[in-house]
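Here are my notes after a pass through this one.

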Amino acid sequence: MIAATAVPLLQPGPALAADLDSEVRVRSGVVRAAPLSAVGILAFKGIPYAAPPLGALRWHAPLPPAKWDGVRDASAYGAACLTAWRGDRAPGLRRSEDCLTLNIWTGATTAGERRPVMVWLHGGGFQFGTTASPQFEGTQLARKGVVIVTLNYRVGVLGFLAHPALDREGPSGNYGLQDQLAGLRWVRDNIAQFGGDPSNVTLFGESAGAHAVGILMASPLSKGLFHKAIGQSGAFWDGPNGPLESRASAHARGDAFVQRLSGGSIAALRELPAEQVNAAALWDFSTNPAESAFSPSIDGYVVPRVPAARFVRGTQMRVPLIAGWVEDEGYPFDALGLPHRNADEFRNAAQALFGKHRMAAFLKLYPAATDEQANASAKALTGDLVIGEQTWQWLELQRRTDQPVFGYKFTYTSPYTPVAAHITDVSFVFGTLTPQFILNSRTLAAPGDRAFSDQIMSYWVNFAAHGDPNGPGLPVWPRYGAGGTIQQLGQTIGPRSNDQAARFRFIAQYRRSGVLPTNWSRAIAH
């Protein structure tokens with residue numbers, strides 16, 4: 001049993017402004033929060049951080065929001081962006097193309113407290129997701145002394161369509177990433193009014209959100225917008241299908257789409273209902289969105305080149321970093337792995353990907369003497385290729401800077417979380433402990449789960465405050481260094497060697513200047 005950790009709230013700074021109440025003036029106007037919660041947290045929801053991307057602003061860089069008169073109600077979430085995932089059927093969730101809003105939770109009592117700020121980017125393969133998800137509710141983290149911000153961003157074809165005609169209006173392709181940058185600029189310009197410190201912003205995210213954090217660390221447009229980074233299960237949006245899609249490939253995909261829907265006319269495509277456009281580019285978990293859907297690409301603007309290559313050159317942001325992965329990253333991605341109906345099929349597929357001359361080394365790490373072994377190795381390889389190896393690369397490359405870097409592996413299980421699978425860590429980080437639907441489980445959290453969550457939240461908040469997760473009452477978390485020691489976040493919390501390092505090194509040998517083979521997408525197709 002993990003004992004609950006009593007971590008005091010971060011001490012506020014001097015009161016340099018008037019008391020913070022439910023009405024706050026931002027640059028666009030006045031917003032009114034929901035009533036103060038029983039634990040002293042104000043929640044402001046659905047605040048526009050950019051103009052609605054409607055009409056001519058569909059597939060356009062986000063513009064500042066219009067000013068409003070009077071007081072804008074900020075007690076409810078804004079609409080979720082339209083989802084490209086076929087299986088996303090969340091009941092009662094309002095969706096709209098007008099979705100560029102953010103939410104804030106603060107326990108500050110004056111606008112001058114300058115609390116650390118944490119900005120969350122949700123996951124969803126750049127195809128789905130919303131800040132309205134109950135697992136991202138920010139009250140519990142805000143209680144520990146930080147200001148929490150969550151933001152929506154465009155996904156799927158509405159967020160990542162690239163096309164030569166659109167390039168004449170501005171760099172096309174990564175509108176969803178530009179939304180994230182616009183949200184960070186809004187935070188820089190307005191968060192002090194909520195008791196936050198614009199000079200101490202931590203960008204954190206999971207899955208696609210973690211990939212976005214890594215991509216933005218490699219983007220020159222991010223300079224000064226955040227000062228620390230946390231990546232949970234993701235890094236560069238590369239993996240089994242090679243690196244990010246090239247500009248030429250993204251243009252070809254976009255041109256084919258525009259031709260199919262509107263005969264090649266962007267103007268005509270903008271006149272179609274957003275739901276119709278979105279429905280023409282749906283995605284499901286049977287394919288990798290990096291290969292089969294509209295997702296981040298190398299646009300020469302937000303993403304000037306393959307992100308990992310910028311890290312190799314040392315031109316990424318030099319900020320403190322926490323990054324890690326979970327025990328079973330491959331859990332939801334079985335369809336993305338190598339064919340493995342039997343051992344022969346798996347070995348043949350691996351040979352096509354890695355080459356005959358490296359199969360002996362491969363089979364020592366991913367044994368496949370029997371069908372049972374091949375099945376287990378295929379799942380392990382999928383998790384390594386989709387998430388694990390690149391997250392480890394992120395740690396390895398960032399530790400070359402003069403900034404503190406901390407790595408972890410999430411292994412925690414309980415009746416509430418019977419498998420330490422992709423996404424299961426998120427509810428612990430937020431302290432929401434919502435049902436683990438990824439596991440098809442509705443088992444409620446127990447006191448031990450809440451005690452573990454309290455420790456994880458304390459690590460994350462300490463890091464946001466000081467660039468170091470360590471603090472009173474917590475097991476010591478050493479920096480990630482040449483030895484590759486990572487922190488185990490499980491029933492036991494503490495440093496351990498990386499038991500996947502040999503597998504990660506095997507995959508990493510295929511990188512050239514940080515870039516994975518571009519022909520992997522052909523070899524892995526099945």
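1. Let's start with a charge over a ring: Arg 358 has its charged end over the ring of Tyr 510, 4.8 Å from the centre. Keep in mind throughout that this is a predicted model. There is another such arrangement to look at, with Arg 72 lying over the face of Trp 68 at 5.2 Å from the ring centre.

2. How many aromatic pairs does the structure hold? The count is 42. Take Tyr 408 and Trp 477: the ring centres are 6.3 Å apart and the planes stand at 85 degrees, so this pair is edge-to-face. Tyr 408 belongs to strand S11 (residues 405-410), while Trp 477 is in the loop between H15 and strand S12 (486-489), so to speak a link between distant parts of the chain, 69 residues apart. Both Tyr 408 and Trp 477 are buried.

3. Phe 428 and Phe 452 make an edge-to-face pair too, at 5.3 Å centre to centre with 80 degrees between the planes. Here helix H14 (residues 426-430) supplies Phe 428 and helix H15 supplies Phe 452, and the two are 24 residues apart.

4. Staying with helix H15 (residues 447-466), have a look at Asp 454, which lies in it. Its relative accessible area is 16%, and because the cut-off for buried is under 20%, Asp 454 counts as buried. The side chain of Asp 454 makes a polar contact of 3.1 Å with the side chain of Lys 144.

5. On to the cysteines. The model has one disulfide, between Cys 81 and Cys 99, with 2.0 Å from S to S. The torsion about that S-S bond is about 90 degrees, which makes the disulfide of Cys 81 and Cys 99 right-handed. Both cysteines sit in the loop between strand S4 (71-74) and strand S5 (101-106), so the bond ties together parts 18 residues apart in sequence. Cys 81 and Cys 99 are both buried.

6. Last, helix H4 (residues 175-190). Its 16 residues reach 22 Å from first C-alpha to last, close to the 22 Å expected at 1.5 Å a residue. Why call H4 largely enclosed by the rest of the structure? Because 13 of its 16 residues are buried.

Technical notes: Residues numbered from 1 in each chain as written. Predicted model: local features only at pLDDT ≥ 70, side-chain atom pairs only at ≥ 80, totals over all residues. Heavy atoms only, no water. Disulfide = S-S within 2.5 Å. Helix = DSSP H or I, 4+ residues; strand = E, 2+ residues; numbered from the N terminus. Buried < 20%, exposed > 50% of the residue type's maximum accessible area, 1.4 Å probe, protein only. Expected span 1.5 Å × (residues − 1). Polar contact = N/O pair within 3.5 Å; in protein donor to acceptor, adjacent residues only side chain to side chain. Phe/Tyr/Trp six-rings, centres within 6.5 Å; stacked < 30°, edge-to-face > 60°. Lys NZ or Arg CZ within 6 Å of the ring centre and 35° of its normal.
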